[in-house]
Amino acid sequence: MASSRLAQGALNVLGNAYKRDSFTNLPPSITSKLNANLYDIPSHPIYLLRTLIQSHFSRFNAHTASSMGFSPIVTPHDNFDVLAFPKNHPGRATSDSYYLNEAHMLRTHTSVHQVPLFSKPDTDRYLFSADVYRRDEIDASHYPVFHQMEGGCVWDLDKKDALKDAAAEVEEMERALALENIIIEDIPHLSLTNPKQDTHDPAHATLMARHLKLSLNGLILKLFGEGAKNGGEPLRVRWIEAYFPFTSPSFEVEVFFRGKWLEILGSGVVQQSILDTSNVPSKMGWAFGLGLERIAMVLFSIPDIRLFWSQDPRFLAQFEAGSMNTTFKPYSKYPSSIKDVSFWVPKGEVIHENDFCDTIRDVAGDFVEDVKQIDNFVHPKTGQTSLCFRVNYRSMDRSLTNAETNAYQEQVKSQLKDKFGVEVR
Ligand code: FA5
Ligand code: MG
């Protein structure tokens with residue numbers, strides 16, 4: 001494991017000490033973002049989108065990580081096991097998730113909090129927004145911290161008219177949507193490859209799936225349907241079969257917007273085991289999880305995901321509390337500086353592209369716009385692997401000098417040597 005070369009001693013995060021082990025891979029560039037709570041800043045685009053969705057789903061109780069006091073530090077048990085992720089799921093790997101140590105990690109999705117939210121006695125419908133963390137590549141649409149909103153909606157089948165109420169809402173939503181300028185490419189609510197759960201009555205599972213689809217189609221119309229409402233092109237939405245270990249049936253939704261299909265959310269009928277664990281075994285319902293940045297980038301025309309973290313008034317001042325009408329006007333694009341780095345990986349070590357990306361973010365932060373692996377070959381005689389990465393440095397706020405980017409590049413090389421024992425070519 002590459003991180004075995006990191007300094008020993010405890011890792012201090014959010015006031016607690018965590019013993020390092022072979023899982024530890026949380027870099028300072030991420031730790032420094034843990035208290036940002038962008039979803040609480042009133043004129044921030046993440047806040048604007050969150051509150052718009054909350055006002056649309058007015059019957060749902062709206063919560064955030066800060067309002068619930070939920071820490072981003074969770075256990076792999078809660079993030080994966082409770083949600084029935086198989087032991088070999090790739091999301092569990094240290095190359096994909098941030099670990100403080102084997103027993104503690106940063107949440108990779110808002111679904112980690114489903115059990116406490118479904119357990120709340122006062123709610124059958126909730127929205128929950130939070131920061132989530134994933135190790136990933138670096139480009140205009142990927143950032144290791146982003147925001148999700150989770151929605152959950154359940155009915156207590158022990159209550160006499162619960163399903164009658166759900167059916168009445170389905171009919172009402174169907175009537176309302178039929179009047180709108182929207183084309184929905186639907187798929188069956190249940191199928192052999194996207195089945196109901198064993199314990200579910202097929203009629204109930206179908207009703208839940210219909211309620212889920214209609215609720216989300218209504219939200220999508222609210223978010224993306226402005227043009228369609230004004231007599232423009234009809235809004236196109238397509239439903240796709242998906243797989244999540246914690247829902248069945250499962251669906252993803254794509255929206256056709258400005259000439260492209262855009263995946264915006266995952267959803268499905270909640271696995272009964274989760275409601276059992278939440279001490280509400282008589283309830284049944286659906287959940288979804290959507291990416292707030294992805295939708296905000298499209299709605300506000302924000303070209304680069306790093307901008308959400310900008311403190312520059314030229315970004316922040318373009319958004320106004322209470323208004324969704326901003327079309328972001330990019331301020332001038334500063335020149336980029338492209339630098340390559342090639343190195344030999346010590347025999348027996350594996351350096352994942354995400355390891356390289358974390359190293360470069362620690363050195364140069366948001367001055368890194370894009371990283372591409374451009375070469376990977378094994379020396380025929382020594383068996384050593386050579387990697388080459390191309391780094392594109394560019395600040396969104398000012399011009400970087402050549403001396404600065406050269407200094408970053410030198411620091412990257414020396415960190416690669418220290419952390420992974422590589423030999424720079
Ligand atoms: C999940 O995270 C599931 N927890 C969603 C879910 C919730 C399913 C409840 C069923 C029930 P996924 O990894 O596909 O699924 O992410 C959900 C959404 O988050 C995506 O559709 C996308 O909008 C957003 N998203 C995912 N990865 C990124 C990323 N790297 N950057 C920005 N947005 C992302
Ligand atoms: Mg997905």
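In the hairpin of β11 and β12, which has two residues between the strands, R258 sits at a positive phi near 50 degrees. Keep in mind that this is a predicted model, where local features need pLDDT of at least 70, side-chain atom pairs count only at pLDDT 80 or more, and totals for chains, interfaces and linings use all residues. Residues are numbered from 1 along each chain as its sequence is written, while chains are lettered from A and ligands numbered from 1 in the order in which they are written.

**Strands and pairing**
- A quick note on terms: helices (H or I, at least four residues) and strands (E, at least two) are DSSP runs, numbered from the N terminus.
- Two strands count as paired if DSSP finds at least two bridges between them.
- Strands β11 (residues 247–257) and β12 (residues 260–270) run antiparallel, joined by nine bridges.
- Across that pair, F256 stands opposite W261 in β12.
- β12 also runs antiparallel to β13 (residues 283–291), with five bridges joining them.
- On that side, V269 stands opposite W286 in β13.

- As background, most residues other than glycine have a negative phi, and most peptide bonds are trans.
- The S248 to P249 peptide bond is cis, with omega near -5 degrees, and P249 lies in strand β11.
- L14, in the loop between β1 (11–13) and β2 (16–18), has a positive phi near 50 degrees.
- L14 is exposed because it has 12 other C-beta atoms within 10 Å; the cut-offs are 12 or fewer for exposed, 20 or more for buried, and partly exposed in between, counting other C-beta atoms within 10 Å of the residue's own, with C-beta atoms placed from the backbone.
- S301, in the loop between α10 (292–300) and α11 (313–316), has a positive phi near 55 degrees.
- With 13 other C-beta atoms within 10 Å, S301 is therefore partly exposed.

**Nonpolar cores**
- A nonpolar core here is a set of buried Ala, Val, Leu, Ile, Met, Phe, Trp, Tyr and Cys residues joined through C-beta atoms within 7 Å.
- The largest one has 71 residues, and those with the most contacts inside it are I46, L49, M208, I220, V253, I295 and A296.
- Helix α7 (residues 202–224) gives the most to this core, with eleven residues.
- L49 touches L292, I295, A296 and L299, leaving aside residues up to four places away in sequence; contact means C-beta atoms, placed from the backbone, within 7 Å.

Notes: Contact = placed C-beta atoms within 7 Å.
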